[in-house]
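Please open the model in your viewer and keep the selection panel at hand.

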Amino acid sequence: MQIKNILAVVGFALLAWLLLDYQAVDQQQTLTIGGPFEFTSQDLSKDGFMYTRMQVAEALVDVRPDGSLIPKLASDWLVSDNGLEWRFSLRSGVSFHDGRPLNADAVVYSLQKAMAKPGVVQQLPLERLYADAEQVVVELSRPYKPLLSILAHYSLAILSPSSYDEQGQVVALSGTGPYQVALLAPPHKLNVRRFPEYWGEAASIEQVHYLTGHRAESRALQAQSGQADLIYTLDPASLDLLERADNVWVHSQSIPRTVLLKLNNAHPYLNNKQTRQALSLALDREGLSEHVVRVPDSAAYQLFPPALGHWHLSELAEKQRNLALAGELLKQQGWQLGSDGVLEREGERFRLNLVTYADRPELTVLATAIQAQLAEIGVEVEVVVDNSSAIPARHHDGTLELALIARNYGTLSDPLALLVDDHLQGGGDWGPMNWSSPSLSELLESLMSSDGEQDRQLTRQAALLLADELPLIPVLFYTQQVAVNQRVQNFQFDPFELNYRVAEMSFAN
Amino acid sequence: MLIKILGRRLAQAVFVAWAVGTLTFFLMNLLPGDFAYRIAAGRYGYDYVNQAAADAVRAELGLDRSVWLQYLDWFRDLLRFNLGDSLVSGNPVSQELAHQLGHSLQLALFASLLSLLIAVPLGLYAGRQVGSALDRASLFISVLLRAQPVFVIGLVLVLIFALQFQLLPVAGFGGSRYLILPALSLALSMAALSSRMIRNATHQVLGSSYYQFARFKGLSEQQAFTHHAQPNIALPVVAFIGIQAVSLIEGIVMIESLFSWPGIGHALAHAIFGRDVPMIQGAALVMGLLFVLINLLVDLCCYWLDPRQREEGLQ
């Protein structure tokens, strides 16, 4: 056969392929979201964040962007005087995407499935969960104030009983949200469409598509070209690019995530407050903020970022870098500078390993910058880049010395649940290591049953104590940067990243 | 001869399936780090991986069992053509592979065919007109394209076709509009090499004594080219394209990630980070078999093109 004929056949085949596989997207009715977040399954304990963000699944309680909690599928709740029994009444007229009505039995079934999995739900001192008439009753073994923020977590969103197979795995996710799943292609794509029988106000935008984009530059180009309407997690280089685009604006907002140094507080070099203070004073946080992550004003001198309401203490003074004072504090601990510029004490060099993980790309860069900054006071640091699981693993086998981590203080809307787990329940795989404070434990115990002004006072004291004692050394706060297309009206941002709130948005005509 | 080729490749396929699976299993077990923690990090993400999650994973998957027992389980499943379930997503490995490897194959096939459309006419023309302006220009462009990582070619195409002219989407999948730019990036990179290969083969064949003889015995240029030059040019080119296709399937991670295209390269990297052994074994096994299949196709093409092989078979 003539080569020309073969090429003609190949060319024709490719053309036919393009024509037959063409799928039109109705841009006018579709909002496209891009972000780096991957999801692998329909299991809420693993990937529930994707289904609550896309408003497919809803929980009993909803977190507002300011961190306050409001009724969602539960219309209201009553707590017994001893704080051990919570009764939730359910909203009426709610149906799942499969057409079944929401009732107490369905809620209990869904919560029981969630409780069989690991996750934040395991922090609950749960005694019993059951349906009583049209109410859901939660019985606890001791009072637990952050119960509502746990129930608002994505892993406890309520699904229809038909969503599960015989082994209790979610195989056909059916929630109650304003959107229902239209196309599911993990780990990259989730398309949802408006659910006409939604109990609340119907969404204005008919379809929402989510696409995972691994590369920041590719995501920025999607925003710039107009292919995507909302792009989450922009990198600094892309911000410059997008500022010049006239079809896009950038929303920047603090989120409850903090980069911090986790220390082994029982390590012979690190087991006192002065040394921890010295390490903290040696950090040039402004430099890291301006020149490494390139987000101005992100330097952190306390653990809780501004997004966490009254846990963040605005009056806490910014402590400038002070190498002289750091050196003095170390000297008081018996450390002397050796001939090669590294501190020595009784023949031992001040040498530590610092573990970090590549899951968040900025951490490795920050770790090497911190390595250079600590070298200036004579602390020699060896950076080890591992997997994120190395942090809890090394915490438990005791090999962790220093670790640079990006901790999410907003996994639950109330940081109290996290602190209680860290300090009272033996959790703390990502919290302070080998450190305890009777004063803090007492404060947290009191916080579990306080409210109003007393609650504010106790919160303040707890936050101050952590900022002063430095069992974890705060480094930087995170800011989420979102590119928003000009056609999107009423853009909403949820710092807890539980909900993209697209149902409240609309398109400009 | 044909039966010999098929028999040899079948035996190779069985060996590859066993060897690749076994090797990946034991190599993964040699890697440092606690499997349960790694899998928990893959499943629940870095905000939620902790000892409780790792313990739950260990209990659920029976990771405390001996390595040999786990290996025997895998081997028994393999004999039943069952690749098992992913330890991270919980979905059957076959389903994950169908999605991810399916998309990789789609992209690789489209890109390979597109590269032929570019490389063959260009290579043949340049080979017939050695030293012409077009030959020199094609050399220059080839060097330029090969000197770039394929990622840069992709980025330039995005800037032109998606940003400047807004003709095609930047990234994504699901519909042919998303296929064009990643496929064109790969095709250009492949054609840069294969067009020069075709050009050299053409030049060599046209200068050979058997081609000269074909012309002397009175065949027209067209006849001589079709019957004597074409098959001889095609033989090395087919083998070369086979090798290119293999490297394409395993090595397009950069293009997949730039264009948010679900592919096996990305899936495999994540599976290794998350110690998702069944997924790695399944992917390595299917890719190993795929390479055997590509080799088989190359063999069959050469058999069809080369009369010497067919005659040998008849004798």
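Begin by selecting A:E380, which is partly exposed, with a relative accessible area of 25%. The model is a predicted one, and every value quoted on this tour is computed from it.

**First stop: a chain of charges in chain A**

A:R349 forms a salt bridge with A:E380, and the closest N and O atoms are 3.0 Å apart. A:R349 belongs to strand β15 (residues 348-349) of chain A and A:E380 to strand β17 (residues 380-386) of chain A, so the pair ties together parts that are 31 residues apart in sequence. With a relative accessibility of 32%, A:R349 is counted as partly exposed.

Next, select A:D340. Its side chain meets that of A:R349 in a salt bridge, at 2.7 Å from N to O. A:D340 is partly exposed as well, at a relative accessible area of 45%. Over all chains, the structure holds 37 salt bridges.

Move to chain B and select B:D55 together with B:R58. These two residues form a salt bridge whose closest N and O atoms lie 3.7 Å apart. How far apart are B:D55 and B:R58 in helix α3? They are 3 residues apart in that helix (residues 51-61), a separation of about one helical turn. B:D55 is partly exposed, with a relative accessible area of 38%.

For a network, select A:E58, A:D62, A:K72, A:R501 and A:E504, which are joined into one by salt bridges that share partners.

Where they meet, 21 residues of domain 1 of chain B are in contact with 17 residues of domain 2 of chain B. About 1800 Å² is buried between the two domains of chain B, and carbon and sulfur atoms give 73% of this area. On the side of domain 1 of chain B, select B:R9, B:M28 and B:R38: these residues lose the most area to domain 2 of chain B, together 30% of what that side buries.

The interface of domain 1 and domain 2 of chain B is crossed by 2 salt bridges. Now display B:R9 with B:D299, a salt-bridged pair whose closest N and O atoms are 2.6 Å apart.

Show both chains. The contact involves 60 residues from chain B and 55 residues from chain A. Between them, chain B and chain A bury about 4900 Å², with 63% of it on carbon and sulfur atoms. Which residues of chain B lose the most area to chain A? They are B:Y44, B:Y46 and B:Y48, together accounting for 14% of what that side buries.

There are 2 salt bridges between chain B and chain A. Return to B:R38, which forms a salt bridge with A:D386, the closest N and O atoms being 3.4 Å apart.

**Last stop: a nonpolar patch**

Finally, select B:V156, B:L159, B:I160, B:F165 and B:L167, which make a nonpolar surface patch of about 460 Å². Within this selection, B:L167 lies in the loop between α7 (150-164) and α8 (180-206) of chain B. Is B:L167 buried or exposed? B:L167 is exposed, at a relative accessible area of 58%.

Notes. Residues are numbered from 1 along each chain as its sequence is written. Chains are lettered from A and ligands numbered from 1 in the order in which they are written. This is a predicted model: local features need pLDDT of at least 70, side-chain atom pairs count only at pLDDT 80 or more; totals for chains, interfaces and linings use all residues. Side-chain values use heavy atoms; hydrogens and water are left out. Patches are made of residues with over 30% relative accessible area and no salt bridge: like charges are joined within 9 Å, nonpolar side chains (Val, Leu, Ile, Met, Phe, Trp, Tyr) within 5 Å. Accessible areas come from the Shrake-Rupley method with a 1.4 Å probe; for residues, only the protein chains shown count as cover. A salt bridge is a side-chain nitrogen of Lys or Arg within 4 Å of a carboxyl oxygen of Asp or Glu. Helices (H or I, at least four residues) and strands (E, at least two) are DSSP runs, numbered from the N terminus. Buried means under 20% relative accessible area, exposed over 50%, partly exposed in between (1.4 Å probe, protein chains only). Contact means heavy atoms within 4.5 Å. Buried area is the accessible area (1.4 Å probe) that two parts lose on being put together, summed over both.
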